[in-house]
Amino acid sequence: MTQHNGKVIIITGGASGIGKETALQLSDQGATIVVADYNEDGAKKLAAQIEAAGGTAGAYKVDVSKGDEIKALIDWTVEQYGTLSGIFNNAGIGLVKPFLEMDPESYHRVIDVDQHSVYYGMYYGAKKMVELNVQGTIVNTASIYGSVAAVGSFNYNAAKAAVVMMSKSGALELAEHGIRVVGVAPGFIETPILGDDQAMKDALATQHMRGELIQPEKVASVVTFLFSDAASAVNGTTVAVDDGFLSFKTK
Ligand code: NAD
């Protein structure tokens, strides 16, 4: 399939998990991918893998919590590949602590990486699209924890709820420029962000209808669709890829 032919799409957090699988699927469908990640080796490895498979991809080292670095990433992408069709603001971290230990550093770190990064990507990305007269698409990674509070996740809950609202608010103001903004809310996805505690992962899996963790490919296929013209009527909303988590009461 080639429905993304000619597009140039930046994926933050592209070296691993959801971002990596999305990079592979979008490039399979013809998009040029900029794998943007703090993990430079991982980004380079994935870009090389895509190129070896006949696609086009570049790697860019970025700390998404820094606005000047996101601006530079967007300028570099356009210099390198001539346009900007989309940006997947996806990089994120978790830092779980009980609320009474949620010191300002732990709070701000997650807000910087998971929330402010999305603002920077939307702001500099949309400005560049308007400058280039591109009717592009922005997809932001939220979470089920943008709607449901979890113990130890005050910082993450706050950041992801903001991402849900920023997707709506951004869509409202960017529609007149033909730019769509959509969120995606993954459930529990089997990626390195979940850590190594198998008992904890098994407990999370029981909160899905199928009783299994969701594979990152399943989020990637929805994001790939959201970037496509077939999703032109999906705007401002956040699409859950949660195997029912937000729809039913767990044990
Ligand atoms: P992951 O750990 O596999 O990938 C995250 C990537 O982001 C890594 O490559 C990491 O190097 C990069 N990254 C982290 N901080 C960065 C920074 N400051 N600058 C640049 N890159 C940075 O995890 P994932 O599950 O693929 O996570 C992707 C997104 O999905 C995150 O926003 C996460 O919050 C969200 N999410 C994940 C789950 C889940 O269960 N895995 C659930 C809901 C939401």
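## Strands β1 and β2

Ile-10 has Val-34 of β2 as its bridge partner. The model in which this pairing is found is a predicted one. The two strands concerned are β1, residues 8-12, and β2, residues 32-37, which pair in the parallel sense over 5 bridges.

Two helices pack on the sheet at this place. Helix α1 touches β1, β2, β3, β4 (86-89), β5 (137-141) and β6 (180-186), and the direction of α1 makes about 165° with that of β1. Helix α3, residues 67-81, touches β1, β2 and β3. The direction of α3 makes about 150° with that of β1.

## The sheet as a whole

Strands of a sheet pair through backbone hydrogen bonds, in either a parallel or an antiparallel way. Here the sheet is open and has 7 strands, in the order β3-β2-β1-β4-β5-β6-β7, and the pairing is parallel. β3 (57-61) and β7 (238-241) stand at the edges; each has a single partner strand, so one side of each is left without a neighbour in the sheet. On average, and with direction ignored, neighbouring strands are turned by 20° against each other.

## Strand β4 and its partners

β4 runs parallel to β1, and 3 bridges join the two. Opposite Gly-86 in β4 stands Ile-9. β4 also pairs with β5, in the parallel sense and over 4 bridges, and Asn-89 stands opposite Asn-140 in β5.

Both faces of β4 are covered. Gly-86 and Phe-88 lie on one side, Ile-87 and Asn-89 on the other, and all of these residues are buried.

## The nonpolar core

The largest nonpolar core has 66 residues. Those with the most contacts inside this core are Ile-9, Ile-11, Ile-33, Val-35, Ala-36 and Val-184. Among the elements, α4 gives the most to the core, with 8 residues.

When its neighbours within four places in sequence are left aside, Ile-11 is in contact with Gly-19, Thr-22, Ala-23, Ile-33, Val-34, Val-35, Ala-36, Phe-88 and Asn-90.

## Around the ligand

The shell around the ligand has 30 residues, and those that come nearest are Gly-13, Ser-16, Gly-17, Gly-92 and Ile-193. α1 gives the most, with 3 residues. By type, the shell divides into 14 nonpolar, 13 polar and 3 charged residues.

## Two residues compared by setting

Ser-27 has its place in helix α1. Apart from its neighbours within four places in sequence, Ser-27 is in contact with Ile-33, Ile-50, Gly-55 and Ala-57. Ser-27 and Val-118 are 91 residues apart along the chain, and 22 Å separates their C-alpha atoms.

Gly-195 lies in the loop between β6 and α6 (198-205). Gly-195 has 10 C-beta neighbours inside 10 Å and therefore counts as exposed, the limit for that class being 12 or fewer. Between the C-alpha atoms of Gly-195 and Tyr-123 the separation is 32 Å, and the two residues are 72 residues apart along the chain.

Methods
Residues are numbered from 1 along each chain as its sequence is written. This is a predicted model: local features need pLDDT of at least 70, side-chain atom pairs count only at pLDDT 80 or more; totals for chains, interfaces and linings use all residues. A residue is near a molecule or strand if its C-beta atom, placed from the backbone, lies within 6 Å of it. Ala, Val, Leu, Ile, Met, Phe, Trp, Tyr, Cys and Pro count as nonpolar, Asp, Glu, Lys and Arg as charged, and the others, Gly among them, as polar. A nonpolar core is a set of buried Ala, Val, Leu, Ile, Met, Phe, Trp, Tyr and Cys residues joined through C-beta atoms within 7 Å. A residue is buried if 20 or more other C-beta atoms lie within 10 Å of its own, exposed if 12 or fewer, and partly exposed in between; C-beta atoms are placed from the backbone. Two residues are in contact if their C-beta atoms, placed from the backbone, lie within 7 Å. Two strands pair if DSSP finds at least two bridges between them. Axes are lines fitted to C-alpha atoms, for helices over the stretch in contact, and angles run from 0 to 180 degrees between N-to-C directions.
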